[in-house]
Amino acid sequence: MEPESQKQDHQSSKTPPPPATKTATTTTCCAKCGGPTSFPPPPQTSYSEISPPPTYRPIRAPAVNLPPNHHSQAIILAPVPQSQKVLTISPPFHFQSPSKRIQSPDDIRHFVDSDSGKNFLGFVVALSESIRGHKVSDPCHESQTISTIISILGELLQWIEEIPPAQQAARYGNVSYRTWHSRLTENSESLMLRFLPSELKAATIEIVPYFNDSFGNWSRIDYGTGHETNFAAWLYCLARMGVIKEEDYHAIVARVFVKYLELMRKLQLVYSLEPAGSHGVWGLDDYHFLPFIFGSSQLIDHKYMKPKSIHNQDILDNFWNEYMYLSCIAFVKKVKKGIFAEHSPLLDDISGVPNWNKVNSGLLKMYKAEVLEKVPIMQHFLFGWLIRWYAAFVSVSE
């Protein structure tokens with residue numbers, strides 16, 4: 001057996017030295033071994049002949065995530081909106097036809113910093129807190145006004161059966177929706193008079209525009225979070241007038257808003273409403289935001305269901321009708337094909353949050369930043385006497 005040092009020398013003598021620097025066109029021979037000093041490139045192999053390269057998935061950013069170049073850090077650091085008691089009006093009443101006021105980012109800041117903006121957002125938070133820990137089917141106080149509003153929404157649902165979609169080639173915007181919406185605007189005042197007390201009948205001039213704008217746009221045949229916010233504003237106006245009270249809040253979410261959600265999903269599917277102001281894959285949802293807030297509140301401190309439970313199809317199939325958040329996820333999976341993390345990356349990111357309390361607080365901050373503070377959405381928002389536009393900051397109760 002030869003010594004180790006000699007063995008290494010023997011092996012090194014058989015190993016050709018590294019090739020010399022390759023020239024552009026000339027191939028030369030090595031002076032020691034006679035081998036070429038340049039080599040042809042390796043043959044190109046298609047990925048069909050070998051395993052394809054691994055799919056690249058970027059490292060998940062902290063939820064709640066937002067598209068690149070957005071103010072996600074500002075949202076994360078912002079304070080969580082708090083609930084507020086709605087300040088009710090008292091005679092004399094000065095109802096007026098509401099009008100648009102927001103045209104610039106300065107107008108947005110003026111609104112969100114005003115008593116009107118703070119009280120409206122506080123109302124949304126109060127609705128969220130009213131459903132905390134409750135299933136949709138849980139018993140709740142249901143006043144005559146709430147029952148009447150539910151029956152009105154049921155009637156609007158029936159109109160869809162009576163107005164079938166037109167046969168057309170366009171993917172979005174079935175023109176039969178305009179027939180449905182025209183019937184809505186023709187009847188909306190009489191619908192309001194079904195539950196308004198006699199001393200508040202004059203309020204129809206102010207609340208009907210919010211109601212009409214809650215179900216999409218007649219001209220564009222679209223629907224988005226701005227229209228959904230109009231429905232919340234309509235409910236807020238009823239609370240300002242004392243038509244609905246704090247003890248009704250649970251029923252407003254579990255009965256009224258659930259019925260509204262059912263109506264809007266049917267409108268979206270039957271008439272192919274185009275998403276209004278959607279962020280595409282970087283948005284929370286093409287059409288809605290509030291049911292995610294209310295739904296996450298429902299699941300706070302749930303013993304078994306966690307944010308990651310949205311990936312369990314059995315949970316979605318069995319509990320979508322009891323929890324709005326699960327209902328939203330199930331609907332997204334129904335209307336969007338493909339991998340969930342690819343068509344809904346923001347919802348996928350949120351599923352990595354450890355608990356529902358953090359999800360709920362993050363969504364409230366995001367609603368303020370991505371809906372109430374966006375000019376393209378809020379430029380259509382209306383201001384009258386119930387939701388006032390203040391030239392100077394004065395008390396909302398005046």
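Which side chain does Glu-370 meet in a salt bridge? The partner is Lys-374, at 4.0 Å from N to O, where a salt bridge means a side-chain nitrogen of Lys or Arg within 4 Å of a carboxyl oxygen of Asp or Glu. Glu-370 is buried, at 5% relative accessibility; buried stands for under 20% relative accessible area, exposed for over 50%, and partly exposed for what lies in between (1.4 Å probe, protein chains only).

A word on the model before going on. It is a predicted model, in which local features need pLDDT of at least 70 and side-chain atom pairs count only at pLDDT 80 or more, while totals for chains, interfaces and linings use all residues. Residues are numbered from 1 along each chain as its sequence is written, and side-chain values use heavy atoms, with hydrogens and water left out.

**Salt bridges**

By the rule above, the count is 12 salt bridges. In general terms, side chains of opposite charge can pair when their charged atoms come close. Here are some of them:

| Pair | N to O distance |
|---|---|
| Glu-142 and Arg-255 | 3.6 Å |
| Glu-262 and Lys-259 | 3.6 Å |
| Glu-370 and Lys-374 | 4.0 Å |

Helices (H or I, at least four residues) and strands (E, at least two) are DSSP runs, numbered from the N terminus. Glu-142 is partly exposed at 38% relative accessibility. Glu-262 and Lys-259, by contrast, both belong to helix H9, three residues apart, or about one turn of the helix. Glu-262 is partly exposed with a relative accessible area of 42%, and Lys-259 is partly exposed with 23%.

**Helix H15**

Helix H15 covers residues 356-372. Its 17 residues reach 23 Å from first C-alpha to last, close to the 24 Å expected (1.5 Å times one less than the number of residues). A kink of about 25° is centred on Met-366, the bend being the angle between axes fitted to the seven residues ending at a residue and the seven starting there. Because 14 of its 17 residues are buried, H15 is largely enclosed by the rest of the structure.

**The nonpolar core**

The largest nonpolar core has 109 residues, and those touching the most other members are Leu-156, Trp-180, Phe-215, Trp-234, Met-241, Leu-267 and Tyr-325. Helix H9 gives the most to this core, with 11 residues. Such a core is a set of buried Ala, Val, Leu, Ile, Met, Phe, Trp, Tyr and Cys residues joined through side-chain atoms within 4.5 Å. Leaving aside neighbours within four places in sequence, the contacts (heavy atoms within 4.5 Å) of Trp-180 include Leu-156, Phe-215 and Leu-267.

Ser-176, in helix H6 (residues 176-192), is buried at 10% relative accessible area. With the neighbours within four places in sequence left aside, Ser-176 is in contact with residues including Ile-163, Pro-164 and Tyr-271.

**Backbone details**

The peptide bond from Pro-91 to Pro-92 is cis, with omega near -5°, and Pro-92 lies in the loop between helix H2 (72-77) and strand S1 (99-100). Asp-301 is not a glycine, yet has a positive phi of about 65°. Asp-301 is exposed at 67% relative accessibility, in the loop between helix H10 (290-298) and helix H11 (313-319).
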